Amino acid sequence: MSRVADPKAKIALLRAAEEAFAQRGIAGAHVEDIAKEAGLSKGAFYLHFESKEAALDEIVQSWLARCTSLFAEPNEYPDTPIDPDAVLDFCIERDVQLWEFLWQTRTTMRILYLCQSDYAHMFEAFREEMRRRNRHWLHRWRQDGLMRADTDIELAAALMSGAYEQLSMNMIKLDRRPPLERWLEFAQETFVRAFGTSDLIAAVERRNRRSNTGVEVRRSAIGDGDARSSCETAGVRQRG
């Protein structure tokens with residue numbers, strides 16, 4: 001009777017393989033060491049994977065799939081806000097969730113960075129998918145009147161994708177968690193000022209005032225261009 005693969009054992013082996021790859025590199029990691037670290041036998045390893053390279057393939061594909069799921073298409077958010085202030089909050093909340101995942105999986109990212117040449121086709125497909133999703137979000141925001149009509153969507157998506165990829169490369173070199181929220185708010189403001197409408201830029205400036213003073217300046221409810229506004233004290237958000 002053939003042995004039945006234990007899913008818990010497979011998870012343990014993947015974690016052990018990830019640690020071994022990070023510490024000793026792909027060439028220096030041996031199946032025996034991976035199995036021992038997982039508390040399993042070499043035979044148990046081969047019950048789940050044909051080779052250590054097969055385990056690495058699964059680590060890579062799982063990580064890429066998770067990243068893709070955390071940066072979903074606009075149509076996967078049926079209740080996406082169109083109010084400028086709410087849009088900024090929505091994007092930061094989504095981005096922080098993605099970047100927390102990146103920080104928690106930085107060991108995997110370091111491995112992937114070292115062996116990108118072996119997975120060049122996979123990474124290029126992933127990058128193109130991220131650029132495509134950026135384009136879709138930019139089109140959505142332009143339709144909602146939040147991006148300037150003259151924005152070159154292709155160029156904007158390429159710039160945004162490249163900037164965030166470089167930030168991720170900077171992050172994996174760090175030993176302590178960086179101020180991700182501050183990084184992401186700065187990046188967001190940079191692109192809003194480059195491509196956003198005056199309403200979206202005004203929302204960024206309101207957020208900056210809240211952060212700098214602790215006072216929230218609300219827009220006039222009159223809606224006729226009256227400069228009057230009401231103020232109420234608001235707590236300053238904690239920075240990571």
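**Close-up views of salt bridges and a buried serine**

**View 1. Glutamate 189 is buried, at 19% relative accessibility.** The model shown in this and the following views is predicted. The 19% for glutamate 189 falls under the 20% limit, and the residue therefore counts as buried.

**View 2. Salt bridges with shared partners join five residues, Glu124, Glu128, Arg131, Arg135 and Glu154, into one network.** One of the salt bridges in the model is formed by the side chains of arginine 135 and glutamate 154, at 3.4 Å from N to O. This pair links distant parts of the chain: arginine 135 is in helix 7 (residues 120-143), and glutamate 154 is in helix 8 (residues 153-171), 19 residues apart. Arginine 135 has a relative accessibility of 16%. Because buried means under 20%, arginine 135 is assigned to that class.

**View 3. A salt bridge joins aspartate 85 to arginine 206.** Side chains of opposite charge can pair when their charged atoms come close. In this pair the closest N and O atoms are 2.8 Å apart. Aspartate 85 is buried, at 13% relative accessibility. Arginine 206 is buried as well, its relative accessible area being 8%. The count of salt bridges in the model comes to 18.

**View 4. Serine 168 is a buried residue of helix 8.** The relative accessible area of serine 168 is 8%, and since this is under 20%, the residue counts as buried. A polar atom of the serine 168 side chain lies 2.5 Å from the backbone oxygen of glutamate 165. When neighbours within four places in sequence are left aside, the residues in contact with serine 168 are Trp99 and Met109.

Definitions and conventions: Residues numbered from 1 in each chain as written. Predicted model: local features only at pLDDT ≥ 70, side-chain atom pairs only at ≥ 80, totals over all residues. Heavy atoms only, no water. Salt bridge = Lys/Arg side-chain N within 4 Å of Asp/Glu carboxyl O. Buried < 20%, exposed > 50% of the residue type's maximum accessible area, 1.4 Å probe, protein only. Helix = DSSP H or I, 4+ residues; strand = E, 2+ residues; numbered from the N terminus. Polar contact = N/O pair within 3.5 Å; in protein donor to acceptor, adjacent residues only side chain to side chain. Contact = heavy atoms within 4.5 Å.
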